[in-house]
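I opened the notebook to look up a few places in one chain. The entries follow in the order I took them.

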Amino acid sequence: MNTNFDFTIGRIKKSLEKQQKSIYKNKYILLYKAIKDCIENIELPNNWLLPSTRVLAEELKLSRTTIVKSYELLQLEKLVISKVGSGFVVNYDVNEKNSDGKEKSKIDSNLYPEMSGKGNSFLDNFSLINRVPASSVAFRPGIPPLDIFPINRWKNLLNTYWRYVKSSALSYERSTGIDPLKKSISNYLNVSRNIKCDYNQIMVVSGSLQSLYLIGSVMVDKGDNIILENPAFPNVHSLFRSLQANLLPVSLDDEGISIQKMNELNHLKPKLVHVTPSNHYPLGTKMSLKRRKELLNWASINKAFIIENDYENEVANHLNKIPSIYSLDTEDRTIYMGTFNRLLHPSIRLGYMIVPKYLIKAVEALQEHSHRFVAPSVQTVMNQFIERNYLYQHLKNLMEVSQERQALFLKEFQKSKTMSIGNQSFTSLNLVAKFNHKVPEDKEAEIINKLKEANINVHSLSECFIGNKKEQGIILGYSAVRENILERKVKKLVNIIG
């Protein structure tokens, strides 16, 4: 018999014994009460599969009719639901209701020790923008064309790994990543970005946000000053706020972040400056070579670190390969961040950063005491994916498909009379639409909510700004939507925004 059913029947039998002194004499009522108690006491958790009426009848030595009647009463109270092909499933979420069916009351914080300042800071400040169901990809930014990912190649590599893996490989790995992958990433960056680094400086992480958390935790004390581009990815300023940093927003001009405005902040002794030079998020500005050199000079004078977030650099640099800040740096003060999540698929949870030698031991110690390491199986397969040239082939395919989808998107979107897209060159998997005329302050939120109701998810432009001076608009990701759906979805989008 199914061991889950053994467990379930055991709990029901125990509960039935308690019902023997009940005033109820009908067996189906007693069984109904017994199962109900099990559910409300969380002895049978939410979504738990119950035995079939036949199995339960045999085990409890009751008629099948008795079992059916009991299940029917439970269904009437919506404590269980019937799922086609599965049977009866518990439908009671203790996180939403107490056993009396009432909403749960708030937790009394007086019963527990006081939370740390950092813990409270994360509660107050940290929020990830627009988390939506995995099935909803139109037109959420940050998602590559998932349908073209070579699943079978990846699956074959993974199957090979598990076929030949030795038991010794199932133990702990270095928190910074396995050497073969770090060497492959080092070679990949040398070829694609002319970045030359010691592979021991590379830290394998789950994505850009973890990279920022590691660097922020190592470098930032409460009240330390951090310079961010304004606007910037909301998750970035949310994270640094949560780490109790003091954010110094600096606007951009045509060449990138304004060095003139940064110089006005020198007296505040900023420790870090976070930039997206290849393709500014969300506006798409590309930092000029001259500005990159000026930024390095500023960092040298102010003894600060530069975080070069080079997300989507493969797309942004396909025509004009401006050297990375890291490759221009002669003082080892640039932290270079990259991710495979935006190129392959977000669920892969694999990114990397190049850490200055000064920070290696501290970052490694923090990794060792937090997430430990990315699964070695995923790292090994990613290494093979790079070594066998699959990554380069996928990138070529990604570029071709994304360009076609962007052209189709822009063709339909230009029919909007309310909003327009400025920079239409293919240098990003995101596009920014702004209002053609001045609109009320709540117009952006109104449109985003209407789109969400239509199962279209976009990001807010205004949420990217730090401070009171904001621009309204929407950020759109187009590349994850297949051509046969994209045209229809854009028409729906345009119809809603006007």
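Which residues does Leu272 touch, not counting residues up to four places away in sequence? I worked from a predicted model, and in it I found Leu272 touching Ile215, Met219, Val220, Asn225, Ile226, Ile227, Phe240, Phe305 and Ile307.

**Entry: Leu272**

I placed Leu272 in strand E8, which covers residues 272-275. Its relative accessibility is 0%, so Leu272 counts as buried. I also looked up one of its partners, Val220.

**Entry: the whole chain**

I then stepped back to the whole protein chain. I noted 18 helices and 15 strands. The C-alpha trace spans about 85 × 60 × 50 Å along its principal axes. The chain has 498 residues, of which 50% count as buried.

**Entry: H2 against H4**

Two packed helices are described by the angle between their axes and the distance between the axes. I looked up both values for helix H2 (residues 27-40) and helix H4 (residues 64-76): the angle is about 50° and the axes are 8 Å apart. I recorded the crossing of H2 past H4 as right-handed.

Which residues of H2 meet H4? From H2 I listed Lys27, Tyr28, Ile29, Leu31, Tyr32, Ile35 and Lys36. Their counterparts in H4 are Thr66, Ile67, Lys69, Ser70, Tyr71, Leu73 and Leu74. By class, this contact of H2 with H4 has nine nonpolar, two polar and three charged residues.

**Entry: H15 against H16**

Met382, Phe385 and Ile386 in H15 meet Tyr390, Leu391 and Tyr392 in H16. I sorted the residues of this contact by class and got six nonpolar, no polar and no charged.

I looked into the loop between H15 and H16 as well, where Asn389 is found. Phi of Asn389 is near 75°, a positive value in a residue other than glycine. With a relative accessible area of 36%, Asn389 is partly exposed.

**Entry: Leu408**

Staying with H16, I looked up Leu408, which has its place in that helix. Is Leu408 buried or exposed? The cut-off for buried is under 20%, and at 18% relative accessibility Leu408 counts as buried. Leaving aside neighbours within four places in sequence, I found Leu408 in contact with Glu483, Leu486 and Glu487. Leu408 and Glu483 are 75 residues apart in sequence, with a C-alpha to C-alpha distance of 7.8 Å.

I found Arg333 in the loop between helix H13 (325-328) and strand E10 (334-339). At 15% relative accessibility, Arg333 counts as buried. I noted a polar contact of 2.8 Å between the side chains of Arg333 and Glu331. Beyond its neighbours within four places in sequence, Arg333 is in contact with Ala299, Ser300, Lys303, Ala304, Phe305, Ile306 and Pro356.

I followed one of these, Lys303, to the loop between H11 and strand E9 (305-309). Phi of Lys303 is near 50°, a positive value in a residue other than glycine. Lys303 has a relative accessible area of 73% and is exposed.

**Entry: cis peptide bonds**

Which residue is joined to Pro231 by a cis peptide bond? I found Asn230 there, with omega about 10°. Pro231 is in the loop between strand E4 (225-229) and helix H9 (234-242). I also recorded the peptide bond from Tyr281 to Pro282 as cis, with omega near 10°. Pro282 has its place in the loop between E8 and helix H11 (289-302).

Technical notes: Residues are numbered from 1 along each chain as its sequence is written. This is a predicted model: local features need pLDDT of at least 70, side-chain atom pairs count only at pLDDT 80 or more; totals for chains, interfaces and linings use all residues. Side-chain values use heavy atoms; hydrogens and water are left out. Axes are lines fitted to C-alpha atoms, for helices over the stretch in contact, and angles run from 0 to 180 degrees between N-to-C directions. Helices (H or I, at least four residues) and strands (E, at least two) are DSSP runs, numbered from the N terminus. A crossing is left-handed if the near helix is turned anticlockwise from the far one by less than a right angle, and right-handed if clockwise. Contact means heavy atoms within 4.5 Å. Ala, Val, Leu, Ile, Met, Phe, Trp, Tyr, Cys and Pro count as nonpolar, Asp, Glu, Lys and Arg as charged, and the others, Gly among them, as polar. Buried means under 20% relative accessible area, exposed over 50%, partly exposed in between (1.4 Å probe, protein chains only). A polar contact is a pair of N or O atoms within 3.5 Å; within protein, one must be able to donate a hydrogen and the other to accept it, and residues adjacent in sequence count only if both atoms are side-chain atoms.
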